[in-house]
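Open the model in your viewer and follow the stops below in order. Each stop says what to select and what is there.

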Amino acid sequence: MRITRLETYTNEFVGIVKLTTDDGSVGWGQVSNYNADITCAVFHRQVAPHALGRAIADHEAMLTDIVEIEFKFPGSYLRRALTGLDTALWDLRGKLQGQSVCELLGGTPRPFPVYGASMRRDITPQAEVARLSELRNRFGYGAFKFRIAAENGHDIDEWPGRTHDIVTAMRRAMDAEVTLLVDANCGYSPEVAIEVGRFLDDNGIAHFEEPCPYWEYEQTAAVTAALGDRQIAVAGGEQDCSVTQWRRLIDLPAFDIVQPDLCYLGGLTRARQVADLAAAAGLPVIPHSANLSLVTVFTLHMMGAIPGAGPYVEFSIEKDEYYPWQVGIYEPALVVADGCVPIPDEPGWGVTINPAWLERAGRAVSEEEEN
């Protein structure tokens, strides 16, 4: 069985991939979000030509070959495009075998704990406390992540005092049974990050994400080492798309918690390679999955099966008004109950791409040339 057609359906934010084989079997995947229209152009230029005509049994070798053929392009866009091929192949494999991807990986579909992830810095501490408290009461979340610092903030807060105020307010509002995580989005120098990390630890924050510019690996490693006598764990890695670089990050170690993004990295196959590296080092994996496109579906399946999976999956609490583009891509929608989201248990990814969404998207096709 070989790949004969690769189609993309895309807008600026989301790119869906349809893979068709010579016997008419179909698998669905997704390239990485954001500038997805550009990523889909890369897909048809630098991924599809190397995949068409290949046997689906060559799945992992195909991915390696494409990276090596396109070796002059080691950056993010090629990996973001590769994700579309990889995830469509996993969906097809599951459907052919009548199993969910989670089951293909040796896991069991089940309700999996999630943490509610806020994406907002424009919100006051009081308003953030109010909305997270309401979500806890409605959906039973046992953990939340909220934003501190300013994105790439160079030690400047979003506004003076916000980080101190939101951390102390959140800790007062949530009892000890609620795990609290923060994301600094590269906001600090190492010296300030260490000081902030101690303050966070004193306030019972469990997880300190991207304290320093992510490309300055040694800076984050210094923060991790300096906070090693504390309970707080330093997390990061979402931006890194090279498995080789991930090996170096884990060997440093740059983090206490490993956070690959399946879509930024090149798909489930490559994310599992990072998870294996983390497991060998005894580090937990809590992937970055910061929106409700298919990235969260992919992540749930992986986390339901891998050794070293952390205690929860990131689940965005931002809905239509903040991320209108994530609405209506697939069915059924993921729903939180008692702080968990069920891993889909139907074959493949266990969701169906919405035909109405496809009709609104731009379409492009690459096909195997006839002999």
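Predicted model: local features only at pLDDT ≥ 70, side-chain atom pairs only at ≥ 80, totals over all residues.

Select C263 and display its side chain. Its sulfur lies 12 Å from the closest cysteine sulfur, which belongs to C40, so the two are too far apart for a bond. C263 has a relative accessibility of 1% and therefore counts as buried.

Now select C241. Which cysteine sulfur is closest to the sulfur of C241? The one in C263, at 13 Å, which is too far for a bond. C241 is also classed as buried, because its relative accessibility is 12% and the cut-off for buried is under 20%. Across the whole structure, the search for disulfides returns 0; a pair of sulfurs would have to lie within 2.5 Å to count as one.

Next, select residues 125-139, helix α5, together with residues 162-173, helix α6. Two packed helices are described by the angle between their axes and the distance between those axes. For α5 and α6 the angle is about 30° and the axes are 9 Å apart. Angles under 35 degrees count as roughly parallel, so α5 and α6 are roughly parallel to each other. Their crossing is right-handed.

Finally, show the side chains where these helices meet. On the α5 side, select P125, E128, V129, L132 and S133. On the α6 side, select R162, D165, I166, A169, M170 and A173. Sorted by class, the contact of α5 with α6 has 7 nonpolar residues, 1 polar residue and 3 charged residues.

How values were computed: Residues numbered from 1 in each chain as written. Heavy atoms only, no water. Buried < 20%, exposed > 50% of the residue type's maximum accessible area, 1.4 Å probe, protein only. Axes fitted to C-alpha atoms, helices over the stretch in contact; angles between N-to-C directions. Helix = DSSP H or I, 4+ residues; strand = E, 2+ residues; numbered from the N terminus. Parallel < 35°, antiparallel > 145°, perpendicular 65-115°, else oblique. Left-handed = near helix turned anticlockwise from the far one by under 90°. Contact = heavy atoms within 4.5 Å. Nonpolar A, V, L, I, M, F, W, Y, C, P; charged D, E, K, R; others polar.
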